[in-house]
Structures are given as structure tokens and as C-alpha cells.
Amino acid sequence: MSIKERLKPITHIPELYLTTTPPVPKSCKIELTSRCNYKCKYCAIAFRKEKPQDMDFKLFTRITKEMKDLGVEEIGVFYIGESFTKPQLLIDAIYFLKQILKISYVFLTSNASLAYPEIVGKCMAAGLDSLKWSCNAADDEQFTKLMGASPRLFEVAKQNIRLAKERRDSGGYQTKLYASSILYDNQQPAKMESLLVNHIRPYVDEHYWLPLYTAGGQASEKEKELGMQPIAGNTGRLDDPSEPIPCWTLFTASHILVDGRMTACCLDGIGNWVMGDLKKNAFMECWHSKDFQDLRKAHLQKNIIGTKCEKCAMIGE
């Protein structure tokens, strides 16, 4: 199954899930760490004020076992932070999910700059099913401007993407390799083409484009300052968009912050959409909390004025 086929029932809400109390989500992302070595201008992590932290592994194992028992099929070992900043925690998490819990599909998205071949190989050996690279700069100049990091990391990321495929193929691992890029404006595909042809597409199984989101409305002003063209809501892939309202992130996938709180938004870097706390409550108690039900009801009625989603999904209207 391609990544596009796998994403479709998540970003396009099945009828069964269009309720204030949907079934257990098929997919969940868990933030292993809130650290990141990039300072992307448009990313939700840029708005965090708390000191970076890492998820307690005991908490991780407890909540993922509960997810497994409930029927969650897919778990992402990332959310907002860059998981390769804590390589051993990442490897241990993948091993626990695949070898102990036997989760069907474990996936990861990374900026690639810290994904050195030895670590990637250990992730693959532990059973990682999908590794997607987030490739969002065309050249050194754009990288420095948007990622807020040294262009040296840009070169390392390109090298790591190439070496990951070599490690995958030489080791006979089953991990699928993907890449996505953000469409900041209509000129970005042409700017990115040389990079994609020479450094990305030859080393992945599939590449696709994503629209520019506003990080739940948090980044809209910064994106305007940079001359970018964000879209309304979170519509998924650029070539197969879903409706911004109701937003799929409330109905088909759960998102867990590094401290164990469940949030309704896949771009919640500051805990603005927290619906429950897994340190205190069971998974389904958080998934069906009153706050979550109220927000879903507003989306189902397509009247989100006054909700926390207003600035995101109503942009441009």
C-alpha cells in the first residue's frame, strides 16, 4: 500500500467517524521529544515557550499498550518535535511497538539532518515500516531563511537521505521511504525541481506535495510576512484535499504531546487544543471528553466561530 492510499481514510473522514464520539482512531502520533535542531519560521514548535523535554518511556509503553488493546493500528513515533534528537529513545520506542506490541504500522517523519545511517539502520532493524523525509527548502539560501539553521545541516540532510536508501537496500529491510515538500507559493515546485531530481526522488519510493498550513492559525502572520500563501484548515495532501470543515484531525487520528496530553490538532505546538491528559485519564476518556465532543459538534455543524479552530479553518474567508 502506498503512503497516499494509507492516508486517504485518515484525511477523508469515513461516515462511521462523523460523530461527536467516533470509534477509537485508526492512527495516532506520539511526540517522543519536543526538541528540534531546526527553527522553521512557520512551524508550530516555533511558538513554544516551555523548556524542551522527552517523553517518559514508562508513560509511552503504558499508553501505547492501551492503544493496542483498543485497536489502534498505526502509531507515529513523532508529532511536533524531531525524534532523531533522541536516537536511543526513538529506537527503543520502535522496538517496543513492533517487537513487543506487534503494532501493524509504525511510521516516522524527520527533517533528515540527524538521521545518520547507523541510527536509521537500527530503526529499520527494529521494524520501522515508514520513514518520510520533510524536504522543504530548495537551496542553501531558502534553507537558512526558513529553517533558521546552518546550511551545513542542509547538506547533511541530503546525504542522509541518500545513505538511508543504501542502508535499507543493503540490509534488506522492509521500511518504505517517502518524502514530502510544502508548497509555500506557486513558484516553489520550480525552485525545488533540481533538488528533487538530484537528491530526493532517486532515494525514496514516493514524493508528494503538501499545502502550507497555518499551524492552527498560530503561524498565519509570520507566513504573511514571509510572502507565503497558506490555505484554510488542514486539507491533507495537495493532490487529494479534504474539506477543511469538519477537520479530519478531530475524528480519525489522535495526537499526543510529549507530556502525555491529547490534543485535537495535528499542528498544536503550544497545547491550545488539549482535550485530555493520558497521565490522569484513560485513552477513550480523553478521546470522548466533553471538550472534544463540543469541538466536534461545532465542526459537524460547520459553525466553528468562537472555537479554537476559527483562525485556522476560516482563514481567507
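The model is predicted.

**Helix pairs**

Two packed helices are described by the angle between their axes and the distance between the axes. The table gives both values for each pair.

| Pair | Residues | Axes come within | Crossing angle |
|---|---|---|---|
| α3 and α4 | 87-100 and 117-126 | 8 Å | roughly 15° |
| α5 and α6 | 140-147 and 151-171 | 9 Å | roughly 110° |

Take α3 and α4 first. Their axes cross at roughly 15°. Angles under 35 degrees count as roughly parallel, so α3 is roughly parallel to α4. The crossing of α3 and α4 is right-handed. On the α3 side, the contact uses Pro87, Leu90, Ile91, Ile94, Tyr95, Lys98 and Gln99. Helix α4 answers with Ile119, Lys122, Cys123, Ala125 and Ala126. By class, the residues of this α3 and α4 contact are nine nonpolar, one polar and two charged.

Now α5 and α6. Here the axes cross at roughly 110°. The range 65 to 115 counts as roughly perpendicular, so α5 is roughly perpendicular to α6. The crossing of α5 and α6 is right-handed. Helix α5 brings Asp140, Phe143 and Thr144 to the contact. Helix α6 brings Pro151, Leu153, Phe154 and Glu155. The residues of the α5 and α6 contact divide into four nonpolar, one polar and two charged.

**Helix α2**

Helix α2 covers residues 57-70, 14 residues in total. At 1.5 Å a residue, α2 should span 20 Å. The end C-alpha atoms of α2 are 20 Å apart, so expectation and model agree. The buried residues of α2 are Leu59, Phe60, Thr61, Ile63, Thr64 and Met67. These buried residues pack against strands β1 (27-30), β2 (74-76) and β7 (253-256). They also pack against helices α3 and α9 (283-287).

**Two buried residues**

Asp277 lies in strand β9, residues 274-277. Its relative accessibility is 12%. Buried means under 20%, so Asp277 counts as buried. Leaving aside residues up to four places away in sequence, Asp277 touches Asp259, Gly260, Arg261 and Cys286.

Ala264 sits in the loop between β8 (261-263) and β9. At 0% relative accessibility, Ala264 also counts as buried. With residues up to four places away in sequence again left out, Ala264 touches Thr249, Leu250, Trp273, Met275, Phe292 and Leu295. Ala264 and Gly121 are 143 residues apart in sequence. In space, Ala264 and Gly121 are 33 Å apart, C-alpha to C-alpha.

Note on methods
Residues numbered from 1 in each chain as written. Predicted model: local features only at pLDDT ≥ 70, side-chain atom pairs only at ≥ 80, totals over all residues. Heavy atoms only, no water. Axes fitted to C-alpha atoms, helices over the stretch in contact; angles between N-to-C directions. Helix = DSSP H or I, 4+ residues; strand = E, 2+ residues; numbered from the N terminus. Parallel < 35°, antiparallel > 145°, perpendicular 65-115°, else oblique. Left-handed = near helix turned anticlockwise from the far one by under 90°. Contact = heavy atoms within 4.5 Å. Nonpolar A, V, L, I, M, F, W, Y, C, P; charged D, E, K, R; others polar. Expected span 1.5 Å × (residues − 1). Buried < 20%, exposed > 50% of the residue type's maximum accessible area, 1.4 Å probe, protein only.
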